[in-house]
Amino acid sequence: MEQIEFDYPAAKRRMTKKAYVGVVGSGDMEVLMEPAGGDGAHVSITTSVNGFQDSWKAVFDRFFSKFDGAVKIQINDAGATPGSVLLRLEQAVEVIEQ
Amino acid sequence: MSTSEIFPAFVNRKSFIELDGRARARSLFDEGTAKELVGPFDRVQSPWLPIQGVAPQADDGCIVIKGKIGGLPAVVISLEGAFQGGSIGEVSGAKMTAALDLATRDSETGKKTAAVLLLETGGVRLQEANLGLAAIAEVISSILALRRHAPVITVVAGTVGCFGGMSLAAGVSSYVVMTKEARLGLNGPEVIEQESGIDEFDASDRALIWAIHGGEQRVGIGEADALVEDDAEKIASAIRGYVQAGPPSEHRSEQVKLNRDRIAALDTSTQIDPISLRKKWNGNTTTGGAR
């Protein structure tokens, strides 16, 4: 198991809602997205698959190139592919932007 | 021609099986009454899984929602079958027990609160073995305390099914609702095959499994009360009916003499087949789900 953390200080738009989507099942993950206390976004990942820090970084760089909300994201992952990760993140954004 | 004439009913129905654990629980409540207790943002999760290199889930796969069903107070406890096979660990077990005990306390002070258990589970979580076993004992004892006051309704919808220690929880419930996709049994097919050999039970034989553990057979022999189609509205309506009915005068698990006599009367010199068992035990003449 691996713990990965990222910071995106440029994401400053204030958010008010929370979102919870997904499930920690094989090839899937859960996302807890909530407004961040201070400035910028923070990502914290717990994954049962080791050695994919670079892939996670690439996915979140792409995600925060379009999304600018100051959110705290926590992920529990059971081997989601980069594609599923992005879909789960977009699903969570859909909930908090409603 | 309207759409209902073009498409048969099963196309337009809202499947219950396709919902996740939380959506299943929410679909049962009267509109606007559901409130989740100890949700994912409370982050009460298993402390044991990360130590063993397994990612935990923020609600430990156990969703507890309080609200009203058919205007009556009720709590729904739903196990998420996609997380660790819906298995019971220390945290999910404690959530179940606490929810049942709160319902008992409310019921004792005059506010009768029914409990609905949505069980999609293989039983004890192996990574938390002893704590899981203890949790099952606590859950069963809490069900026994509550069912004197208010009904405890178990729903096994599928597709995980309900096995192991949690099948005992289903066994002591007031009512059991199943779909024909669901399975209910103490030992799962693979466990039986592993312990007693492939001659005893072939775990790759799906027709055999559903003829023994399947919803149609369980309702057929009287081990479950209602066979409902995989339709969220039909399942919710069956549950509303049982919540309104209150606890039965005698629970299935209290019928000790009946079950002793049934087993004593079985002729084991020849292979017992599922269909004749339905007739013998339940006067049931259905033949669905068996080959």
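Predicted model: local features only at pLDDT ≥ 70, side-chain atom pairs only at ≥ 80, totals over all residues.
Student: What average pLDDT does chain A have?

Tutor: The term pLDDT is the predictor's confidence in each residue, from 0 to 100. Chain A averages 95, and 100% of its residues score at least 70. Confidence in chain A is lowest in strand E1 (residues 2–8), with a mean of 96, and highest in strand E5 (residues 71–77), at 98.

Student: How many helices and strands does chain A have, and which pattern do they follow along the sequence?

Tutor: Helices (H or I, at least four residues) and strands (E, at least two) are DSSP runs, numbered from the N terminus. Chain A has 2 helices and 5 strands, and read along the sequence these follow the pattern β-β-β-β-α-β-α.

Student: At what angle do helix H1 and helix H2 of chain A pack?

Tutor: Two packed helices are described by the angle between their axes and the distance between the axes. Axes are lines fitted to C-alpha atoms, for helices over the stretch in contact, and angles run from 0 to 180 degrees between N-to-C directions. Helix H1 (residues 53–66) and helix H2 (residues 82–96) of chain A pack at about 35°, with their axes 10 Å apart. The contact is made by Ser55(A), Val59(A) and Phe63(A) of H1(A), together with Pro82(A), Val85(A), Leu86(A) and Leu89(A) of H2(A), where two residues are in contact if their C-beta atoms, placed from the backbone, lie within 7 Å. By class, this contact of H1(A) with H2(A) has 6 nonpolar, 1 polar and no charged residues; Ala, Val, Leu, Ile, Met, Phe, Trp, Tyr, Cys and Pro count as nonpolar, Asp, Glu, Lys and Arg as charged, and the others, Gly among them, as polar.

Student: How many residues does each chain bring to the contact between chain A and chain B?

Tutor: The contact takes 13 residues from chain B and 15 residues from chain A. On the side of chain B that touches chain A, the residues divide into 9 nonpolar, 2 polar and 2 charged.

Student: How many helices and strands are there in chain B, and why does chain B count as compact as a globular protein of its length?

Tutor: Chain B contains 12 helices and 7 strands. The radius of gyration of chain B is 19 Å, close to the 19 Å that the globule rule gives for 291 residues, so chain B is as compact as a globular protein of that length. Among contacts in chain B between residues at least 6 apart in sequence, 75% join residues at least 24 apart.

Student: Is Val76(B) buried or exposed?

Tutor: A residue is buried if 20 or more other C-beta atoms lie within 10 Å of its own, exposed if 12 or fewer, and partly exposed in between, with C-beta atoms placed from the backbone. Val76(B), which is found in strand E3 (residues 72–79) of chain B, is buried, because 28 other C-beta atoms lie within 10 Å. Leaving aside neighbours within four places in sequence, Val76(B) is in contact with Ala25(B), Leu28(B), Ile65(B), Val116(B) and Leu118(B). Of the 291 residues of chain B, 44% count as buried.

Student: Which phi value does Val38(B) have, and which does Asp60(B) have?

Tutor: Val38(B) has a positive phi of about 50° although it is not a glycine, and Asp60(B), also a residue other than glycine, has a positive phi near 55°. Val38(B) lies in the loop between strand E1 (35–37) and strand E2 (62–69) of chain B, and Asp60(B) is placed in the loop between E1 and E2 of chain B. Val38(B) counts as partly exposed, with 18 C-beta neighbours inside 10 Å, whereas Asp60(B) counts as buried, with 30.

Student: Where is the cis peptide bond that involves Thr159(B)?

Tutor: The cis peptide bond joins Gly158(B) and Thr159(B), with omega about 10°. Thr159(B) is found in the loop between strand E5 (152–156) and helix H6 (165–171) of chain B.

Terms used. Residues numbered from 1 in each chain as written. Chains lettered and ligands numbered in written order. Rg over C-alpha atoms; globule rule 2.2 N^0.38 Å.
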